[in-house]
Amino acid sequence: MSQPFLDAYSRLLIKTCHRRGAFAMGGMSALIPSKDPARNAWVLQRVTEDKQREAHNGHDGTWIAHPGLADTAMAVFDAVLGNRPNQLSVTREEDAPIDATTLLAPCTGERTEAGMRANIRVALQYLEA
């Protein structure tokens, strides 16, 4: 979600939903807890960062791929929302306009065969599940 087009989509979603009085749900964290402590620490850190970005952008809630991440996601949203039940007051009206160029900009970063294979593997695992 740190890619510019994903951040723009997140902010545009919040602006659109809140203008209509609807809650803006954050995206699913596709990471799953691991039994390996080092890997699990990495997973929890990434989930925390993603959920902080969503909560600070103005999302009202989020969803996760595994119940083992619920406490992590809830802690982030509880810290940002405090006693408020939602963030409908966050309108994103002060944001610069988001246009198709911003939403269609390619991701930065290296593209590798290993990365493509990993993406295909995950997609097939989701389809199978």
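Is Asp50 buried or exposed at 17% relative accessibility? Asp50 counts as buried at this value, where buried means under 20% relative accessible area, exposed means over 50%, and partly exposed covers the range in between, as computed with a 1.4 Å probe and the protein chains only. The structure is a predicted model, in which local features need pLDDT of at least 70 and side-chain atom pairs count only at pLDDT 80 or more, whereas totals for chains, interfaces and linings use all residues. Residues are numbered from 1 along each chain as its sequence is written, and side-chain values use heavy atoms, with hydrogens and water left out.

The secondary structure of the protein comprises five helices and two strands, helices (H or I, at least four residues) and strands (E, at least two) being DSSP runs that are numbered from the N terminus. Read from the N terminus on, these elements follow the order α-β-α-β-α-α-α. Along the principal axes, the C-alpha atoms occupy a box of roughly 40 × 35 × 25 Å, and of the 129 residues of the protein, 27% count as buried.

Salt bridges were considered next. Side chains of opposite charge can pair when their charged atoms come close, and a salt bridge is defined here as a side-chain nitrogen of Lys or Arg within 4 Å of a carboxyl oxygen of Asp or Glu. By this rule the count comes to six salt bridges. One of them joins Arg53 to Asp50, at 3.0 Å from N to O; because Arg53 and Asp50 are three residues apart in helix H2, they are separated by about one helical turn.

Arg11 takes part in a salt bridge with Asp7, for which the closest N and O atoms are 2.9 Å apart. Since Arg11 and Asp7 are four residues apart in helix H1 (residues 4-19), about one helical turn separates them. Arg11 is buried, at a relative accessible area of 17%, whereas Asp7 is partly exposed, at 21%. Arg11 also forms a salt bridge with Asp95, where the closest N and O atoms are 3.3 Å apart. In this case Arg11 lies in helix H1 and Asp95 in the loop between helix H3 (70-81) and helix H4 (100-104), so the pair ties together parts that are 84 residues apart in sequence. Asp95 is buried, with a relative accessible area of 16%.

These residues belong to a network of salt bridges that links Asp7, Arg11, Arg92 and Asp95. Arg92 is placed in the loop between H3 and H4 and is buried, with a relative accessible area of 12%. The phi angle of Arg92 is near 60°, which is a positive value in a residue other than glycine.

The largest pocket has a volume of about 610 Å³. On a 1 Å grid over the protein atoms alone, a cavity is a set of points where a 1.4 Å probe fits but cannot get out, and a pocket is an open set with protein on both sides within 12 Å along at least five of seven lines, while lining residues have an atom within 4 Å of a point; grid points are joined across faces, edges and corners, and a volume is the space filled by probe spheres set on the points. Of the 19 residues that line the largest pocket, Met1, Ala30, Leu31, Arg46 and Asp50 are the closest to its centre. Strand S1 (25-29), helix H2 (37-57) and helix H5 (113-128) are the elements that give two or more residues to this lining, and H2 gives the most, with seven residues. By class, the lining has eight nonpolar, five polar and six charged residues, where Ala, Val, Leu, Ile, Met, Phe, Trp, Tyr, Cys and Pro count as nonpolar, Asp, Glu, Lys and Arg as charged, and the others, Gly among them, as polar.

On the surface, Met25, Met28, Trp63, Val122 and Tyr126 form a nonpolar patch with about 470 Å² of accessible area together. Patches are made of residues with over 30% relative accessible area and no salt bridge, like charges being joined within 9 Å and nonpolar side chains (Val, Leu, Ile, Met, Phe, Trp, Tyr) within 5 Å; accessible areas come from the Shrake-Rupley method with a 1.4 Å probe, and for residues only the protein chains shown count as cover. S1 and H5 are the elements that give two or more residues to the nonpolar patch. Tyr126 is located in helix H5 and, at 40% relative accessibility, counts as partly exposed.
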